Amino acid sequence: MLELNKFWWMIKKELISLKRHPGRLISIIAFPIIMILLFGYGMGGEMTDLPIVVVSQSHGDLTDLTLDTIKDTETYHVVEVIDDVDEGKQRVESGEVKAAIILPDDYDKDSSQQKAVTLYLDSSDQMASQILESSTQGIFYRLSNVVASQTSVSTQDADIEPSIIHSLNNFKDDISLHINKIYGNIKYIDFLVPAVLGMTIMFSCMMGMGATIAGERETGELARLFMTPTSVSTVIGGKIAAKLLIELVRALILILMAIILFNVSIKGGILQTFIVLVIGALCFVSFGIFFSARTSTQEDYAQIVMPFSMPMMFVSGVFYPIETMPWILQKLAYIFPLTYLNDAMRGIMLKGQTLGDVWFDLVILIGFAILFFILGVKRFNRDV
């Protein structure tokens, strides 16, 4: 039979216990708010303002019309209009922009030759490249048929001045678009797997360190350890090394399973992919040390770390390109280490880049690892 008085006491006890753990209480309130904001505003938005450069080697009415049309299309954010083809391609290959639209030097000439426009496309970002490809095809299709319709070109945001229509008569059906995907045809699974590997390492390391530090503090194992003359840095360093060793094996298994199950090709090589994952693991192990330094139970740790780990997963471009998110989430993404791990993993696996090519991402990850380790040691609570 249910004893109502005692039943109520049990509820009261749990609520008082929650009140005594303010970190857990704040997390319980903040976590659903953060998640609903991310789902409501951050996911599934339209992809606009994708950074591109336009390489224009000609001058004239058609060139001006084309540039105005591209600039007024919401899909693009034209970083710069340049005249050097090699520079345009280099900017795409370095990841500075998503594509280069290259107008040939005979673009405005009245000739019988077809004018070959080139879309030099970074196809490693599968969703962004699809949007850019379809938008660019639509623009040049409309431009090449503008006179045939005898009306102004209807673009998303711009109209063609009637005064120059007569000058375009010679360009009817003369424009062709060549698409050069520099990394070939990338499927969504190819885009997804590198980031899923990074995300798996993140959760494994962060949750694992919660069990190692907060869990041992809860069971009293940490207290017995500190009865010996051992420094905090030695204890934490040893735990990081042990966890890292486990993650090395896990990273190797993840890579092999991705190859076997999904036939994922690793253009940059397994060894470089493995090294990037290890550096990522080091970063997130230190991240776990930082948060578990003062938590007394595993439940506290899980509640405190959740408002950081889940938003990090959503805004770091694991499932969708960062460009689909509102600008504030795009800025926020670059303070999370998972963004840099995803970027390095996709660079190695999809683009065939070397460790030297992704050095900036690796330096950021190592910097996070050192920062979290130092902060974790400084705020570590020995009083268990």
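Buried means under 20% relative accessible area, exposed means over 50%, and partly exposed lies in between, with a 1.4 Å probe and protein chains only. Gln272 is buried because its relative accessible area is 18%.

This is a predicted model: local features need pLDDT of at least 70, side-chain atom pairs count only at pLDDT 80 or more, and totals for chains, interfaces and linings use all residues. Residues are numbered from 1 along each chain as its sequence is written, and side-chain values use heavy atoms, leaving out hydrogens and water.

**Overall**

The protein chain has 14 helices and five strands. These are DSSP runs, numbered from the N terminus: helices are H or I with at least four residues, strands are E with at least two. Of the 384 residues in the protein chain, 49% are buried. Contact means heavy atoms within 4.5 Å. Among contacts between residues at least 6 apart in sequence, 78% join residues at least 24 apart.

**Cores**

A nonpolar core is a set of buried Ala, Val, Leu, Ile, Met, Phe, Trp, Tyr and Cys residues joined through side-chain atoms within 4.5 Å.

| Core | Residues | Members include |
|---|---|---|
| Largest nonpolar core | 63 residues | Met206, Phe284, Met312, Phe380 |
| Second, separate core | 23 residues | Met47, Leu50, Ile101, Ile175 |

The four residues named for the largest core have the most contacts inside it. Helices that each supply at least two residues of this core include H7 (188–219), H10 (270–292) and H13 (337–349). Phe284 touches Met202, Cys205, Met206, Met312, Pro337, Leu338 and Leu341, not counting residues up to four places away in sequence.

H13 is mostly covered, with twelve of its 13 residues buried. Among them are Pro337, Leu338 and Leu341.

The axes of H13 and H14 come within 9 Å and cross at roughly 145°. Axes are lines fitted to C-alpha atoms, for helices over the stretch in contact, and angles run from 0 to 180 degrees between N-to-C directions. On the H13 side, Pro337, Tyr340, Leu341, Asp343 and Ala344 meet residues of H14, including Phe360, Asp361 and Phe368.

**Back to Gln272**

Gln272 sits in helix H10. Not counting residues up to four places away in sequence, Gln272 touches Ile348, Gln353, Thr354 and Leu355. Of these, Ile348 is one of the buried residues in H13.
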